[in-house]
Amino acid sequence: MKKRLLVWFIIFLIVFGLAVYIDYTAITASSKPLETLSKFESYIVPRFGLDIKGGVRFVLEAVDTPEVKVTPEAMQTAISVIQKRVNALGISEAVVVQEKGANWKRIDVELPGWKDPQKAKELIGQTALLQFKTEDGTVVLTGAHIKNATLEFSKDPATLGQPVIAFQLDAEGTKIFADVTQKNIGKTISIYLDNKLLMAPTVKSAITEGQGVIEGNFTKEEAANYAALLRSGALPVKLNFIQEDVVGPSLGSYTIRMAVIGGIVAFILIALYMIIFYGYLGLLSALSLVFYVSLELAVLFLMHATLSLPAIGGAILSLGMAVDINVIVFERMKEELKLGKTLKSIINAGFANALRTVIDSNLTVLVGAAILFYFGTTIIKGFAVTTTIGILSGFISGVFVTRLLVELFLPQTSLKKPWMWGI
């Protein structure tokens, strides 16, 4: 019996030690410059939401036009295009998600740390439809065949050093472009971006390599943005910006400080409550809560979960629910103690009889969290994720860890000391 408990206690110490190591590494990594982080630190460094880190949040809504109707397939393509454009901004923690239910035509975009909402709107919301047209207005090639586009500087003596967009076509586009230029030697092929004429060069010879440059009196920034748009592809539907929220970093610092204080105060109050009402058992429960907090944080860091204010609220809320398991078990054990049973019988009966109630209560919360995750917005999803992880971590600490500590450290003499049971 003791050997089995000792083995489980060693496993507990190993898991606890790993969790503390992950927590410490993640928290210290959050204060380091990103370029100095190791691969492991980059993986677990805390990811904060807009309400904490500051940044920009947009809500875009797709609308039908006479030419294009909004379909679920078009929405998926639009999300993919926006994700590529957001990546071009260099924001590793950006979020692009489609809303559910009646708002399925809406896309939420969150850009933590981004300070220029106008530039983001220009890059995200632009259709970016590139067209090559012959002199009679026929569209002979579109940006759908662009394999790559980059900012370069003109080597033409007439425009030397001017920013241009260099593009590379895919195999099919290369073949089409070669045929078109062969048939239009001596004529102009105009290049339009969102129906705006960029240039109308005269074809001097067939272009068979599938490469070219687009000139348009661009600034360096404009050429870089257009290149990013062309690499991402054109939006398949018209998107309107219907909401824009900007969160300043000063608010983020304040919310971080208040969230940390709130978590510490909640833990202290819960620990005091358990010790006051359950004596020595409450002390063991407080130790179990330390493990719970370490485990939950470690899982959140490993999952790279976004820590928004509602998400942290969910974690603090689940702290109270975690200790609720111990309350149910300890009350049952106190009833068994009053019946004069042995210590082993009290522990077995306390945990066994309370288990069904604990599972039922936790399961109902998990179902609610699953519904919130499925139908909720990004912020609500964060709350659902941290609540779910908190419930599962609380079940492990409340049922398994607390029982392990009780079996190991609750002495036989406690049967004659009611204060150790909070009686």
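In what follows, an axis is a line fitted to C-alpha atoms, for helices over the stretch in contact, and the angle between two axes runs from 0 to 180 degrees between their N-to-C directions. The model you are looking at is predicted.

Begin by selecting helix α4, residues 72-88, together with helix α5, residues 117-125, whose axes come within 9 Å of each other and cross at roughly 140°. Angles over 145 degrees count as roughly antiparallel and those from 65 to 115 as roughly perpendicular, and α4 and α5 are therefore described as oblique to each other. The crossing in which α4 passes α5 is right-handed.

Keep α4 on display and select helix α7, residues 220-232, as its next partner: the axes of α4 and α7 come within 9 Å and cross at roughly 145°. Here too the crossing is right-handed, with α4 passing α7. On the α4 side the contact is formed by Val81, Lys84, Arg85 and Ala88, while α7 contributes Ala228, Leu229 and Ser232. Sorted by class, the residues joining α4 and α7 are 4 nonpolar, 1 polar and 2 charged.

Is Arg57 buried or exposed? Its relative accessibility is 14%, and because buried means under 20%, Arg57 counts as buried. Leaving aside residues up to four places away in sequence, the residues that Arg57 touches are Leu50, Asp108, Val109, Glu110, Gln243, Glu244 and Asp245.

A further stop is strand β3, residues 95-98, where you will find Val95. With a relative accessibility of 12%, Val95 also counts as buried. If you draw a distance from the C-alpha atom of Val95 to that of Gly113, which lies 18 residues away along the chain, the separation is 12 Å.

Finish with helix α9, residues 309-338, which has 30 residues and reaches 44 Å from its first C-alpha to its last, close to the 44 Å expected at 1.5 Å a residue. Just after α9, select Gly340, where phi is positive at about 80°.

How values were computed:
Residues are numbered from 1 along each chain as its sequence is written. This is a predicted model: local features need pLDDT of at least 70, side-chain atom pairs count only at pLDDT 80 or more; totals for chains, interfaces and linings use all residues. Side-chain values use heavy atoms; hydrogens and water are left out. Helices (H or I, at least four residues) and strands (E, at least two) are DSSP runs, numbered from the N terminus. Angles under 35 degrees count as roughly parallel, over 145 as roughly antiparallel, 65 to 115 as roughly perpendicular and the rest as oblique. A crossing is left-handed if the near helix is turned anticlockwise from the far one by less than a right angle, and right-handed if clockwise. Buried means under 20% relative accessible area, exposed over 50%, partly exposed in between (1.4 Å probe, protein chains only). Contact means heavy atoms within 4.5 Å. The expected span of a helix is 1.5 Å times one less than its number of residues. Ala, Val, Leu, Ile, Met, Phe, Trp, Tyr, Cys and Pro count as nonpolar, Asp, Glu, Lys and Arg as charged, and the others, Gly among them, as polar.
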